[in-house]
Amino acid sequence: MNEHARTSTSEQSEAYIALGANLGRREETLREALRLLNEQPEIEVLRVSDVYETDPVGYADQPPFLNMAAVVGTSMPPHRLLEIMQTVEDRLGRVRDIRFGPRTADLDLLWMNGLAVETTELTLPHPRMHERFFVLVPLDDVVPPEEPSGLRALVDRSLAELGPAAGIARFSGPLFP
Ligand SMILES: Nc1ncnc2c1ncn2[C@@H]1O[C@H](COP(=O)(O)OP(=O)(O)OP(=O)(O)O)[C@@H](O)[C@H]1O
Ligand SMILES: Nc1nc2c(c(=O)[nH]1)N=C(CO)CN2
């Protein structure tokens, strides 16, 4: 593990989260997910992307998703943040059944200060983020040019490697605040 990253997580850090929904009232679900995250005492939603409508990837026989990205400020360690994110999914009615299948709300932790984590519960950076337009295009909205831990370069490189974006269209502006 990168020692600088380890020490900086005990202070305030910026965590990048991907949100998706493809069942029920998708926009309302995303809005509520952001509200539930922000009402946590140790989490502050700092920036959010536009909302994108995206073709399902992985398991095709399901409705289109709405996807977006959020940056939150937190002093929590990443495993604790992931637990909170899973509580939010549960409160929004997520049923964990088909892998890559339909879901009321899906929250993935993408990146936290460039920290590398490899446990059964959590892998960071998110291992599939670099291959997914539905993650990279919203991230592109919220990662500043001077992001200090290398995420800007990862997003730029991944988008360049994937070529022209397909299966994704802007749906609405930011849902928060
Ligand atoms: N970076 C991460 N963000 C979210 N979950 C993670 C992460 N790394 C590992 N996991 C684990 O992955 C498990 C399955 O998550 P989930 O059901 O959301 O997967 P999925 O959304 O179907 O697929 P994908 O992970 O490709 O988006 C979770 O229980 C969680 O412990
Ligand atoms: N377009 C799109 N496809 C998906 C999504 C998602 O959020 N958007 N999430 C998945 C599970 O990780 C699988 N496939």
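The model is predicted, so local features are described where pLDDT is at least 70 and side-chain atom pairs count only at pLDDT 80 or more, while totals for chains, interfaces and linings use all residues. Residues are numbered from 1 along each chain as its sequence is written, and chains are lettered from A and ligands numbered from 1 in the order in which they are written.

The protein contains 5 helices and 8 strands; here helices (H or I, at least four residues) and strands (E, at least two) are DSSP runs, numbered from the N terminus. Read from the N terminus, these elements follow the order α-β-α-β-β-β-α-β-β-β-α-α-β. Of the 177 residues in the protein, 38% are buried. A residue is called buried if 20 or more other C-beta atoms lie within 10 Å of its own, exposed if 12 or fewer do, and partly exposed in between, with C-beta atoms placed from the backbone. Two residues are in contact if their C-beta atoms, placed from the backbone, lie within 7 Å. Among contacts between residues at least 6 apart in sequence, 74% join residues at least 24 apart.

The largest nonpolar core has 49 residues, and Y16, I17, L30, A33, M68, A70 and L109 touch the most other members. Such a core is a set of buried Ala, Val, Leu, Ile, Met, Phe, Trp, Tyr and Cys residues joined through C-beta atoms within 7 Å. Leaving out residues up to four places away in sequence, I17 touches A69, A70, V72, M85, L107, D108, L109 and L110.

Helix α2 (residues 26-38) has 13 residues, which should span 18 Å at 1.5 Å a residue, and its end C-alpha atoms are 19 Å apart, in agreement. The expected span is 1.5 Å times one less than the number of residues. Its buried residues are R26, T29, L30, A33, L34 and L37. They cover an arc of only 135° around the axis and so lie on the same side of α2, the arc being that of the directions from the helix axis to the C-beta atoms. An α-helix has 3.6 residues a turn, so residues three or four places apart point the same way. The buried residues of α2 pack against β1 (13-21), β2 (43-48), β3 (51-54), β4 (65-74), α3 (78-91) and β5.

Helix α5 (residues 151-162) has 12 residues and reaches 16 Å from its first C-alpha to its last, close to the expected 16 Å. L151, L154 and V155 are its buried residues. Because they fall within an arc of 95° seen down the axis, they line one face of α5. That side packs against β1, β5 and α4, while the face turned away carries the exposed residues A153, R157, A160 and E161. After α5 comes G163, with a positive phi near 80°.

P138 lies in helix α4 and is buried, with 26 other C-beta atoms within 10 Å. Beyond four places in sequence, P138 touches S49, D50, Y52, N67, M68 and A69. L81, in helix α3, counts as buried with 25 C-beta neighbours inside 10 Å. Again setting aside neighbours within four places, L81 is in contact with A15, T74, M76 and L109.

Some backbone details complete the picture. The peptide bond from L124 to P125 is cis, with omega near -10°, and P125 sits in the loop between β7 and α4 (133-142). Another cis bond runs from F176 to P177, with omega near 5°, in the segment after β8 (168-172). N113, in the loop between β5 and β6 (117-118), is a residue other than glycine with a positive phi, near 60°.
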